[in-house]
Amino acid sequence: MAIVHDIMPAFELFQPATIQDTLGLLDRNGPDAWVLAGGLDSFDWLKDRIKRPKVVIDLSQVDELRGVREVSGGLEIGAMTTLTEVVRHPVVREKFSILATGAESAASPQIRNQGTLGGNVSQDARCWYYRGGWKCYRAGGNICFADTPTAINREHAILGADRCVAVNPSDSAPALIALEAQFVVRNSRGERVVNAEDYFVGPDIDITRMTILKPGDLLTAIRIPPTWAGAQFYFEKVRDRQVWDFPLLNVASAMVVKDGNIERVRVAVNAAAARPLRLTAVEDAVRGKPRNAATGEMAGKLAVAGAQTLRFNGYKVPLMRNLVKRAIGGVEEAKWA
Amino acid sequence: MGIVEFATSPWGQTVPIHISFFLMWVCAIGGLAFLIVHAIYVQFVAKAEHAGPVPPEVSARVPAKIPRHSLASRLFHWTMAAAMLALLITAFLPKVGYPFAWVTYHWIAGLVLTASIVFHVFHASFWSDFWSIWPDKIDIEDAKRRWLRATGKSAPEPRKFAKYPLENKAYHAIILLAGLSVTLTGVFMMKRVQTPFFTRNPYVFGDMTWGLMYVLHGLAGVGLIALIMAHIYFALRPEKFAITKSMVFGPISREHYLEHHDPERWAPSE
Amino acid sequence: MPANTPHKPAHRLIGKNYVTPDLVAKVTGRAKYAEDYRAEGMLFAKLVLSPMPHAHVRSIDASEALAMPGVKAILTVDDLPAPADAMTDLGQVIPANKLAERALTSDPVYQGDPILAVCAVDELTCAEAIEKIRISFDRLPHVVDPLVTLRPGGPNARAEGNVWFRPVAASPGPGQPPPPPPAPAVQELKWTDADFADMKEGKLPMGKATDEWTYGDWEAGLKKADLVLDETFVTPNTSHQTLETRTAMAYWQNGKVFIHCSTQSTSQTVPALARWLHMDPNDVVVISEYTGGGFGSKITASIQAIIPALLSKKVNAPVMMRVSREEEHFIGKARPSIHGRLKVGFTKDGRITAVDMFVICDSGPYDPQGDANQAGRQLSLMYQPPAMRWRGLSVLTNTPPRVSQSQPGGFQGIVLMEPVLSKAARKLGLDQVAIHRINAPEGKALIGPPVGGKRQYVTSAFVRDALDRGKELFRWDERKMQAKRSGTKARGIGVATSCFVGGSVGFDGLLVIKPDGKMYVQTGIGNLGTESVSDCHRVAAEMLGVPWEKVEITWGHTGRNLPWSCPSGGSQTTHAMTRAAYITATDATQKLQQIAAKDLGGKPEDYEVANERVSRKGGGAGMSLAQAAKRAIELGGIYDGHELPKGINKFTVSSAQALKGQGLLAVARDTMPRDGLTHSYVAGFAEVEVDLETGKYQILDYLAVADVGTIIHPRALGGQILGRSMLGIGHAIGQKWVYDQHYGLAVAKRFHHNKPPTILDAPVKMQWDALDIPDPETPVGARGIGEPPVGAGCCAILNALSDAIGDEVFRRAPVTADTILASLEAGRPMEEGLTAHI
Amino acid sequence: MADTNKKMDEAPRGLSRRDLIKGVIAAGSVSSAAYLFRTSLVRAQQPAAGSVERLVTLTVNGQQRRADVMKQETLATTLRYKLGLTGTKLGCDRSECGACTVLIDDVPHYSCSVLTHSVRGKKIVTVEGLASADGKLHPVQQGVIDEQGFQCAFCMSGYLMATVGFLKTNPNPTRAELAHGISGNLCRCQDYDKILNAMMRGAENLRKVS
């Protein structure tokens, strides 16, 4: 069978108007169904004819899934709310600005105008072997092409790898973990709510999935508690191009500092592993310590403990160390005469 | 749905990657079916074999306890059993919907199994009666006799067993085959994952060779599901329980020996 | 934006901004590119590309596909005409290269080599049909790294071997003219393990080369040097990635084939397509009013453009072949990488004493590339080494076909040399501008090896003026005083100079002044966004005193009687076609003078042409151009094109004949003398800020000062200078290929993998300026500009980086955050310097 | 055939949009014909909640346009091949280059990555819809004329739509803000500096008229 790309295969399209109908359709079509949110990740798979869903369920008409609601000091963000809507929302900017910064660093303006928060956290790995349609572990095969003597893997994992060395590319995920967000997942049997960091799975647990979503599941909303409203935030993303590029690494931290000491803190990094990592060891180590360069240094070193590098991604260790250092200890701003 | 799953290689060629995992259900169910059928057969169909009485002078010579398994072979058996169970659990539990980080446990158990098998081969070859586990002419002949008698035809009475009954020997042969297949392919597969032993390199063989190895590993693996089920089943059957005990404590009783074994063919404590 | 918008007050049009005639169509979306055409009954074609880097197609089974409803035909290599010989303007036959690229192949030599095309009622049907086609391959050994194929026992990219070489020319028989140089051939070349010993300390191994030239005593030069640097540097392979892919649509009518394609040139594309189709050029019509970028990859369209043409003939309907972005990555061509090693000697004051240059050019699987040699030539011009040895190889690999890309070879040569120059400046404690200045070419500077015992020279060079102007505009000395470190940031400034061929000669112009008083200019220049398609003709309007509003330009359709224009590439056009416009306007002037003399008495030279009139010098009798045009028709003969001059190209002849009798027809070929080879120059200045904790850097400021002769159209010039500077900057900051060497397959096929710069990667501030000093060897004084900004842009950034973070960080371009961070962390270059495509 | 070619020879000379559309609708229906003998991929099922009709009405540049749209068809395809609005370009078809940018309810989107069926009832504006009916250019288009922005211009319509959309949210941007706002578009001539000149001028023109 000769190979051809760039023509989307024909599929059956459904555009339900309610969550109920969506769940019904998901049940009816099981693994044949493909859920389409913003579509910016999906269309690559479809246009390359690598994934061939029989049925595509387009959520664009489900209004219940859109919009940002204020609930008891926190926020509930519909999964289909676009990144732009999130970035521009006054409460997000005022109380949870780290989410705005994270979301705004994703992709490009047009993509943020269409891409959704739910889609951004649920997007698939970007490993160029996997995306190239190479039948690797993540694609149901029995090999990782990105960790071989000839592989080019500068963008791959330094932590939590298990056979597959792909990373999670989401920019909003670490911000949501830092904000102690909760993800609301529904299926026809009911609803479950999980902590942001537990929404994601690594290859050791499920090598073909990025999240806990199984056929029939639908991420409906993301809840942000008031816990970290107005805390001190830090987000930084390092990438090759300043727009339309995935992170080589990103870091997000939320911190409450009381008379110079770190009282409460959450910190997460992404693009270091197949799932966004919450650095609990770092959090425990710096809690109660003064927020200064020394604490930052210590945090940075601790963050990269146990990192395993591949042929081309060794730089990620100092990079993660320095980003965590900045997130905890703060940045020394340049002053040019 | 085929027995083997194929994938397109980066060069666009179709290569096998592994077995279809529904085969593990086939084997599990197949194994179960065999137990049930066998249980029914033994319960209702099979006529109890009444072997001729052992001449008293012979039985007199038989001690109260006859050593069946040396300590070494018992240790081996149970190590292997543990490794084997660990391997089956780590291999198939995630496949049936209980995901966990299984790979490291799997290859460690695999190494234990491999080591124990290597030990066993040496031990059996040089320190114990190597041929006692392989079917001999009499086994075959007696098998024929039993078959004829079971099917109501006339045939001379089969003799008693030597150290191991034929079923036992046959089982050993099959599980040896399966065991060697999984361990040999398994050892190579360690090149494909991170281990302290080698730098990871999946390119020591071509896509096709690897594919076949995975298929063999898979087939042997699912095969072992059935074999292990059968093994445990027999170990728990009342008439075989004495043997099971001997795998724990070593000897079998004089009575059991006299009932099932032919002192001509298996002279104890030699 | 321009630092100061220079223009010549003497001129009415030249040096002035204006609205180009194609702009309104562009802003309204009415401008039609190849894919924008639709025709009733139009069918679609889709390519099938090789999944293997090197293979032989044993068999193709398309029966199932062809049986599908809606599937019309498939095209394979068997349907292609045999490769035809080429014929130069001088009638010299260039025999077809048997190893050259064809539109389709049954022996793919790179992943993506087109094997067949399927034609159906729509693209979805094409795709479904393709998935029903069974192709069986015999896989062959592959290699994607030029150093790997040179290793003992290394694989060859083609059965014939792995390097290009040029057989020695047979000596001419007694009294015979020397035969044309023999065509390059492929042979196998393997180096020894000893040759590769140098690789351990990151130096480029230098085994046997296939080509070599020298001038001066380079060994003595290195001996007497106060400082000798021995540096290895690797430049990237970069796809042109024009935003418009090389889509093409074709249909047949009365034995002629009409091809809507994406091409840089218009006239020049006809013979190319005719050769590929093995047809008479008179039966090939090229339509390309707008082309979405070329950068050297579409100089005369692309060979795959014949696929829809051949399919269209097969199915007797128009056929559109839309080329996808991924297909473009493979068939869209790329700049060859060069692995280079330089030994350069310097005196204390920074003057170069000698250069010993060794280059390995990754020439891809098909035609040999001139980049290796051009790298040496341009280096010899830009830095004027008194003595030099150049050795090089063009190596074949199973990677996409290469072709010229803006400043082909020259770019790589500059990129190999500039880091050495700025390192020398640091070692000798010299100013970067000073060391460039002392080695800069001036006037009729020498270039390349001796030809017939004598070294060639350029028409002119004013590089020192460019450096001085730039130094002042960039406030170089002020910035030098700035602190280099603050907090976790480091800043650095860099300067680089760059040069390339700036124009050719010998092309035709054709225009008609009609009784309506308007001037109708025919042009075969391509419209790929450089604006030269209209800019060049400003010269004719200027000379004939025609207001621009009364100039009608016909372009982009060879069915519309276009002259033989130069290829729109290699910075030739502005130079070549302003000359053609000048000679044609001169022809018109003479004819106007003669007509005036005939009607109003006196001698032709008593008359002058100005303000839409030809009239007696110092006032008095005259006639309007409209009247003159009417008279020209009455007079016929040479005046209205019934008689044509000798020496003009036959392509121009047929066009001129079709236009005869419509007015005063001016047609001429540029035969004006030129002493020297035309080259243009750019000096680039940059400041960067590096984040030492992440390796990320930002380009704060960039200035390019061009020495390109007379400025014709400031805004277009500025666009070219800064646009091509960005192309170079892209090579510095990120553009690359990525290959998995085990499978020989590309893993980076998308924009976000290959990293063409975005608007946010561009320098925060950009400026351009041009000296506007006319070139003495061409009447209008204008030279081409497309190429030289590239090297300057790239190297100003590289040198600024070294200024900020030192010389021990990178050994190749692009320089990315990972390299910088890892190297700073380790205190030595940590990248894999010599592995290809990482 | 003959008059087709006549039409195509004229096309560069700018034939009226209506003529072109006639031709294209015809062409479109030909290319659609292939689907008519396609049966649904899923076993025949009674219209479930959310099932979609192929014939849709779109609001494009203020006009109601009917089109026969495949389930998997993208907006860019519909605009270019069914409605003849070829000013919208396909540079990558992968939401990477922005050449296909159009406004959907005033918001810039990559039309190569929007299912046509998902924009039913929304207001779509393409580059052809910028100039007023009398042919007067949009102030942002005028900005390009004033500054001779862009080179090959294949990216231009995308930039125009991205800019017009961005200016609706920020009519008076700094050069840096504008660059950020239109950073989802790629120019391979990399005329970024001149593009920003043109678009800043366009923003200025726009502020003058409104």
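In the predicted model, the interface of chain D and chain A brings 37 residues of chain D into contact with 38 residues of chain A. The two chains bury about 3,100 Å² between them, and 52% of this area lies on carbon and sulfur atoms.

Five salt bridges are found across the interface of chain D and chain A. A salt bridge joins the side chains of Asp93(D) and Lys47(A), with an N to O distance of 3.0 Å. On the side of chain D that touches chain A, the elements giving two or more residues are strand 4 (107–110), helix 5 (156–169) and helix 6 (175–181). Strand 4 of chain D provides the largest share, four residues. By residue class, this side of chain D comprises 13 nonpolar, 18 polar and six charged residues.

In chain C, Thr353(C) was considered individually. This residue belongs to strand 19, which covers residues 352–362 of chain C. Thr353(C) counts as buried because its relative accessibility is 4%, under the 20% cut-off. A polar atom of the Thr353(C) side chain lies 2.8 Å from the backbone oxygen of Gly221(C). Leaving aside residues up to four places away in sequence, Thr353(C) touches Gly221(C), Leu222(C), Lys224(C) and Ala225(C), together with Gly345(C), Phe346(C), Thr347(C), Pro386(C) and Ala387(C).

Methods. Residues are numbered from 1 along each chain as its sequence is written. Chains are lettered from A and ligands numbered from 1 in the order in which they are written. This is a predicted model: local features need pLDDT of at least 70, side-chain atom pairs count only at pLDDT 80 or more; totals for chains, interfaces and linings use all residues. Side-chain values use heavy atoms; hydrogens and water are left out. Buried means under 20% relative accessible area, exposed over 50%, partly exposed in between (1.4 Å probe, protein chains only). A polar contact is a pair of N or O atoms within 3.5 Å; within protein, one must be able to donate a hydrogen and the other to accept it, and residues adjacent in sequence count only if both atoms are side-chain atoms. Contact means heavy atoms within 4.5 Å. Buried area is the accessible area (1.4 Å probe) that two parts lose on being put together, summed over both. A salt bridge is a side-chain nitrogen of Lys or Arg within 4 Å of a carboxyl oxygen of Asp or Glu. Ala, Val, Leu, Ile, Met, Phe, Trp, Tyr, Cys and Pro count as nonpolar, Asp, Glu, Lys and Arg as charged, and the others, Gly among them, as polar.
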